[in-house]
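Open the model in your viewer and keep the selection panel at hand. The stops below go from the whole chain down to single residues.

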Amino acid sequence: MTDGRPAPSRRDTGDTVRAVLRDVGRTVAHADLAIAYCATVTAVTLVVMLQPEERTAEILARVSANLDNLRAEPLVSMLGSAFVVESLWGLALVAQLLVVLAYLQRFVGRLASLVVGLAGHVGAGLVVAAGLATGIFHGFVDESVAAATDVGVSYVMAASMGFLVLAVPPRWRWWYLGATAAYWLVPGAITRTFTDAGHASALAIGLLLALVSARVVAADHRSRAGTA
């Protein structure tokens with residue numbers, strides 16, 4: 001017996017997929033800030049990777065957001081590390097980031113997108129740095145980690161995906177949150193690197209910013225209702 005509901009046809013599924021792809025295409029096409037940032041990261045990465053191996057390693061070491069660089073050149077390491085990925089394979093993440101940032105820009109605009117991405121990258125980097133410094137001081141983290149390479153856009157992406165929970169319809173919000181948490185946290189539970197800790201921190205920062213934003217909007221609505 002059946003409940004009388006027709007099974008979804010392949011045509012319906014195909015129409016849904018095409019509609020989603022069209023929406024992604026339109027969103028990305030209008031996201032000038034997301035395009036500019038991801039294009040810059042791609043261009044810088046290609047230039048760096050085309051250098052001789054020793055020169056590539058030198059550049060990555062210079063802009064890496066590690067403890068040594070944070071002590072010597074905090075601005076260069078914090079900002080520079082967000083404009084290059086460690087390998088050409090890392091550009092696959094930049095393509096994903098383009099879609100995420102495009103929807104973030106569509107949802108909250110350029111300035112707020114910049115704040116969310118910057119808060120995720122810098123905030124997570126500082127959290128990781130504090131944890132590593134504490135570990136080195138107490139002797140349960142090797143001192144060589146202070147000079148480890150730590151570059152890329154993953155902290156920006158994790159924070160942005162966390163913040164975008166606000167853009168998801170309420171009935172799907174918990175599913176989105178669970179999928180996003182699994183995407184960033186499950187690999188970390190296996191590899192347990194300081195970068196994984198950064199992903200967790202960036203995701204938490206994005207979610208906290210989303211919580212604060214939701215509370216601000218709710219308070220504004222209550223205020224308007226009270227004065228109406």
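**Ground rules.** This is a predicted model: local features need pLDDT of at least 70, side-chain atom pairs count only at pLDDT 80 or more, and totals for chains, interfaces and linings use all residues. Residues are numbered from 1 along each chain as its sequence is written, and side-chain values use heavy atoms, with hydrogens and water left out.

**Stop 1: the whole chain.** Show the chain as a cartoon. It has nine helices and zero strands. Helices (H or I, at least four residues) and strands (E, at least two) are DSSP runs, numbered from the N terminus. Along the principal axes, the C-alpha atoms fill a box of roughly 65 × 45 × 40 Å.

Switch to a surface. The chain exposes about 13800 Å², and carbon and sulfur atoms supply 67% of that area. Accessible areas come from the Shrake-Rupley method with a 1.4 Å probe; for residues, only the protein chains shown count as cover. Of the 228 residues, 34% are buried. Buried means under 20% relative accessible area, exposed over 50%, and partly exposed in between (1.4 Å probe, protein chains only).

How much of the contact count comes from residues 24 or more positions apart? Among contacts with a separation of 6 or more, the share is 78%. Contact means heavy atoms within 4.5 Å.

**Stop 2: α2 against α6.** Select α2 (32–49) and α6 (91–138). They pack at an angle of about 145°, with their axes 7 Å apart. Axes are lines fitted to C-alpha atoms, for helices over the stretch in contact, and angles run from 0 to 180 degrees between N-to-C directions.

Now show the side chains. On α2, the contact includes Y37, C38, V41 and T42. On α6, look for V94, L97, L101 and R110, among others. The contact residues divide into 14 nonpolar, four polar and two charged. Here Ala, Val, Leu, Ile, Met, Phe, Trp, Tyr, Cys and Pro count as nonpolar, Asp, Glu, Lys and Arg as charged, and the others, Gly among them, as polar.

**Stop 3: the cores.** A nonpolar core is a set of buried Ala, Val, Leu, Ile, Met, Phe, Trp, Tyr and Cys residues joined through side-chain atoms within 4.5 Å. The largest has 40 residues; Y37, V94, L97, L101 and V153 touch the most other members. Two or more residues come from each of α2, α4 (67–72), α6, α7 (154–163) and α9 (194–227). The top contributor is α6, with 13 residues.

Centre on V94. Beyond its neighbours within four places in sequence, V94 is in contact with C38, V41, T42, V85 and V153. Another core, of five residues, lies apart from the largest one; V48, L60, V63 and V151 are among its members.

**Stop 4: D23.** Select D23 in helix α1 (residues 10–29). Not counting residues up to four places away in sequence, D23 touches Y103 and R106.

Stop 5: T180 is found in helix α8 (residues 170–191). Is T180 buried or exposed? T180 counts as buried because its relative accessibility is 4%. Leaving out residues up to four places away, T180 touches M161 and L203.

Finish at A204, in helix α9. A204 has 35% relative accessibility, so it counts as partly exposed. A204 and G162 are 42 residues apart in sequence, yet 7.1 Å apart in space, C-alpha to C-alpha.
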